[in-house]
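I am starting a notebook on this structure. The entries below record what I looked up, in the order I looked it up.

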Amino acid sequence: MKDCIFCKIIRGEIPSERYYEDEDMIVIKDIEPKAKLHYLCIPKTHFALLSEMDGEKAELLKRCFEKIAALQEKLGLRDGYRIIVNQGENGGQSVRHLHIHLLGGEKLTGF
Ligand code: AMP
Ligand code: ZN
């Protein structure tokens, strides 16, 4: 989508350090980290909400979660991590392109 910040990052119009990329997704560091390690896994298909999910998007997200699990060591998250997917206004979603937060690198509290 033209004006979506994450689509711009995926297209390379906004620079980012990519820790992983393939045909389904990219993994970048969050610009405002909420933990010692804070990554964003951003699927390459633009959609905002889980409620928009169809079979194809469900398969895409399945692959994203499988790849996140496989990347755990490489991302420095071997001792565990937290996944957050904010949804809509009350969920605190500021970017309307579905993305998966990966938080770790330290013992997380506050949940
Ligand atoms: P959410 O609030 O769940 O929509 O998460 C959006 C996240 O994107 C926030 O944690 C922001 O810090 C992060 N963010 C926004 N712009 C960028 C950017 N250019 N590069 C990396 N992370 C970003
Ligand atoms: Zn987008």
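Which residue stands opposite Ile28 of strand 2? I found Arg18 in that place. Before going on I noted that this is a predicted model, in which local features need pLDDT of at least 70, side-chain atom pairs count only at pLDDT 80 or more, and totals for chains, interfaces and linings use all residues. Residues are numbered from 1 along each chain as its sequence is written, chains are lettered from A and ligands numbered from 1 in the order in which they are written, and side-chain values use heavy atoms, with hydrogens and water left out.

I looked up the strand order and got 1-2-3-5-4, an open sheet of five strands with antiparallel pairing. Strand 1 (18-21) and strand 4 (81-84) are the edges; each has a single partner strand, so one side of each has no neighbour in the sheet. On average, neighbouring strands are turned by 20 degrees against each other, direction ignored. For the terms, I noted that strands (E, at least two residues) and helices (H or I, at least four) are DSSP runs numbered from the N terminus, and that two strands pair if DSSP finds at least two bridges between them. Axes are lines fitted to C-alpha atoms, for helices over the stretch in contact, and angles run from 0 to 180 degrees between N-to-C directions.

**Entry: strand 2 and its partners**

I followed strand 2 (residues 25-29) on both sides. Strand 1 pairs with strand 2 over three bridges in the antiparallel sense, and the two form a hairpin with three residues between them. Strand 2 and strand 3 also run antiparallel, joined by five bridges. On that side Ile28 stands opposite Leu40 in strand 3. Four of the five residues of strand 2 are buried, so the strand is largely enclosed by the rest of the structure. Buried means under 20% relative accessible area, exposed over 50%, and partly exposed in between (1.4 Å probe, protein chains only).

**Entry: helix 2**

I checked what helix 2 (residues 55-71) lies across, and found strand 1, strand 2, strand 3 (37-43), strand 4 and strand 5 (100-104). The helix runs at about 150 degrees to strand 3. Lys57 is in helix 2. Is Lys57 buried or exposed? I read 18% relative accessibility, which counts as buried. Leaving out residues up to four places away in sequence, Lys57 touches Thr45, Phe47 and Glu52; contact means heavy atoms within 4.5 Å.

**Entry: Ile100**

I turned to Ile100, which lies in strand 5. Its relative accessible area is 0%, so Ile100 is buried. Ile100 and Ile84 are 16 residues apart in sequence and 5.9 Å apart in space, C-alpha to C-alpha. Beyond four places in sequence, the residues that Ile100 touches include Tyr39, Cys64, Phe65 and Ile68.

**Entry: the aromatic pair**

I searched the whole structure and found one aromatic pair. Tyr19 and Tyr39 form this pair edge-to-face, with 5.3 Å centre to centre and 75 degrees between the planes. Rings of Phe, Tyr and Trp (its six-membered ring) pair if their centres lie within 6.5 Å; planes under 30 degrees apart count as stacked, over 60 as edge-to-face and the rest as tilted. Tyr19 is partly exposed at 23% relative accessible area, whereas Tyr39 is buried at 3%.

**Entry: the zinc ion**

Which atoms coordinate the zinc ion (ligand 2)? I listed Cys4 (SG), Cys7 (SG), His46 (ND1) and His97 (ND1), at 2.0 to 2.3 Å. Cys4, in the segment before helix 1 (5-11), and His97, in the loop between strand 4 and strand 5, are 93 residues apart. Both Cys4 and His97 are buried. Donors are N, O and S atoms within 2.8 Å of the metal (3.2 Å for Na, K and Ca); water is not among the atoms, so sites may look incomplete.
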